[in-house]
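Visitor: Before we start, please show me the model. I would like to ask on what grounds each label is given.

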Amino acid sequence: MSHFITVETFQFRWLNPAKGLYTPESFKEFSSSKGVYRGFCSACGTAFTWRSDAETGVEILIGTIDEKWLIGDRTEKVSSQSLTKKGAFEEVLNAEEGTLGRELCTPTGGQMYVRNAIKGATDTRLVGKRLFVIDRALTDTMGKYSTSSAWEDVIPIPQNDGGPNPLAAIAYTEEYSEAMSYLRSIMAANEKSKRALDLTEHVIRMNPAHYTVWLYRANTLFELQKQNQSNLEEDILDELKWLDGISLKHLKNYQIWHHRQTLLSALSSLPPTELPFLALMVSKDTKNYHVWSYRQWLVRYFSLWDTNIEIPYVESLLDHDVRNNSAWNHRWFVLFGRDVDPKSGKGMDEVGNIVDEDLLDREVEFAKGKIRLAPQNQSPWNYLRGLLRKRGSLLECKGFAQEFVGDADGEGCRSSHALDFLADCWAEEKEQEKAGKALELLARRFDPIRRNYWNWKRGLLGLEAVEAGPLEV
């Protein structure tokens, strides 16, 4: 076992000016691991110090410190004989004020590492396997937790930004710094309690993007349910009520939705309040990616494919805004997502299942109707392409697309997406010249910002790229 003290680097200096043994000339360091250095005497091999790039202090082994600094002048205070007789401990306690011996016999710190701690004896101030010495006089000024009797048994662990001059320290508020210092200690001790749950709520309200805190909160919630043998469903519903308020305040927070998914994964059925709440969230932002991703997980997890809820809901959103790309995507997921083979990622029609022709007929007509409302809206065109590819050909809607492109020179064209669709139809029919003309119209006139893309498609047909500028007639 090694016994050492820690001093700040500015408190440490060499006193012996002579050269030779035990002087800076014989003192060497080696890096025992990344950013960690152990000091030793290169003449005799004695270990002296330990320091780390992540900490500001230097740890000095007690056995290397001169007796004078341990117990004072022996001739005045402690005789050599007294150290071997009964009562030597008391004599050391009477050593000079300020000497290290007195401090070592009345310790206020603790072990930095304990392999086999004895409960109630050597596990005091234990945080995981490490013990940190914190000055209560400093922490008592911090606030809410340091002045609370409910937290007086917890030694807070402060933020370590990498030394006294961190490269990019974050300017946390005092309230947040204090709460996190106590949470670090709680997490290190793996404490799952009501006060730990309350502490996570406090931190989350200050920083709802702290993923680790969300995870610890979920684990604490489930552990408390086991400890109290309470009703799991009721506990989760209570948590969801709390979470609803947080969600409405922070609409684009990812961690909130992962926490929600963790909670509902513990239930056997969908709570009746869940879909109405999601509808409320979508009303705040109809294209909120996190809400839609969560809703897709919900559909798959609780098998909501045939509930006659999802499709009517999506249609109501498209009636309100036909350009709602998220609603189009969810419609496809609900109708065709169940058939995705999770191993290959392909639709089951690609691995052997028969396509439902009646469903495709209905959806093709639905997409056409929405395209007529907004011909330049790309979402229904993409949806239509996806449907027709399930049948293996775009040609059945070639005539429909021609309604929106005008004449051969593009006069009267109302949709660049229709022109792109027609180009693919002509390519399918091996009509390279017509397809190339449509792509040239897109590159030069209707979508020149993506000219490189249209030229790439021309290249697939064996045609040369076109330069920016007017059409060649």
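**Labels and their grounds**

Guide: Of the 473 residues of the protein chain, 39% count as buried. The model is a predicted one. The chain holds 19 helices and five strands. Its accessible surface is about 27300 Å², and carbon and sulfur atoms account for 51% of that.

Visitor: What makes Leu-183 count as buried?

Guide: The cut-off for buried is under 20% relative accessible area. Leu-183 has 0%, so the label buried applies. Leu-183 is part of helix α5. Leaving aside neighbours within four places in sequence, Leu-183 is in contact with Leu-199, Thr-200, Val-203 and Val-213. Pro-158 is 25 residues away from Leu-183 along the chain, and their C-alpha atoms are separated by 9.9 Å.

Visitor: Why is Thr-46 called partly exposed?

Guide: Buried ends at 20% and exposed means over 50%, with partly exposed in between. The relative accessibility of Thr-46 is 31%, so Thr-46 takes the label partly exposed. Thr-46 sits in the loop between β3 (36–41) and β4 (47–52).

Visitor: Which residues does Thr-46 touch, not counting those up to four places away in sequence?

Guide: Gly-39, Phe-40, Cys-41 and Thr-64. For contact, heavy atoms must lie within 4.5 Å. As for Leu-61, 15 residues apart from Thr-46 along the chain, the C-alpha atoms of the two are separated by 10.0 Å.

Visitor: What makes Arg-300 partly exposed?

Guide: The relative accessible area of Arg-300 is 44%, so the label is partly exposed. Arg-300 belongs to helix α11. Apart from residues up to four places away in sequence, Arg-300 touches Trp-305, Phe-333 and Gly-337. Arg-300 and Phe-333 are 33 residues apart in sequence, with a C-alpha to C-alpha distance of 9.7 Å.

Visitor: What share of the contacts in the chain with a separation of 6 or more comes from residues 24 or more positions apart?

Guide: Such residues account for 54% of those contacts.

Visitor: How do you know that the buried residues of α10 line one face of the helix?

Guide: In α10 (residues 274–284), the buried residues are Glu-274, Leu-275, Phe-277, Leu-278, Met-281 and Val-282. Seen down the axis of α10, these residues fall within an arc of 155 degrees, so they line one face. An α-helix has 3.6 residues a turn, so residues three or four places apart point the same way. The face of α10 turned away from the buried side carries the exposed residues Pro-276, Ser-283 and Lys-284. The cover over the buried residues of α10 includes α8 (232–249), α9, α11 (289–301) and α12 (310–320).

Visitor: Why are the buried residues of α19 placed on the same side?

Guide: Helix α19 (residues 451–460) has Trp-454, Asn-455, Lys-457 and Arg-458 buried. They cover an arc of only 155 degrees around the axis, and therefore they lie on the same side of α19. The face turned away from the buried side of α19 carries the exposed residues Asn-452 and Leu-460. Among the elements covering the buried residues of α19 are α17 (416–428) and α18 (432–446). Gly-462 follows α19 and has a positive phi, near 80 degrees.

Visitor: What is there to note about the phi of Lys-430?

Guide: Most residues other than glycine have a negative phi. Lys-430 is not a glycine, yet its phi is positive, about 65 degrees. Lys-430 lies in the loop between α17 and α18. Asn-190 is found in the loop between α5 (174–188) and α6 (194–206).

Visitor: How many cavities of 30 Å³ or more are there?

Guide: The count is one. A cavity is a set of points where a 1.4 Å probe fits but cannot get out. The largest cavity holds about 40 Å³ of space.

Visitor: Which residues line the largest cavity?

Guide: The lining consists of Tyr-211, Trp-214, Leu-215, Ala-218, Gln-255, His-258, His-259 and Thr-262. At least two lining residues come from each of α7 (211–228) and α9 (254–264). By class, the lining has four nonpolar, four polar and no charged residues.

Notes:
Residues numbered from 1 in each chain as written. Predicted model: local features only at pLDDT ≥ 70, side-chain atom pairs only at ≥ 80, totals over all residues. Heavy atoms only, no water. 1 Å grid on protein atoms, 1.4 Å probe; cavity = no way out; pocket = protein on both sides within 12 Å on 5 of 7 lines; lining within 4 Å. Points joined across faces, edges and corners; volume = space filled by probe spheres on them. Helix = DSSP H or I, 4+ residues; strand = E, 2+ residues; numbered from the N terminus. Nonpolar A, V, L, I, M, F, W, Y, C, P; charged D, E, K, R; others polar. Buried < 20%, exposed > 50% of the residue type's maximum accessible area, 1.4 Å probe, protein only. Areas by Shrake-Rupley, 256 points an atom, 1.4 Å probe, with all protein chains shown as cover. Arc of directions from axis to C-beta.
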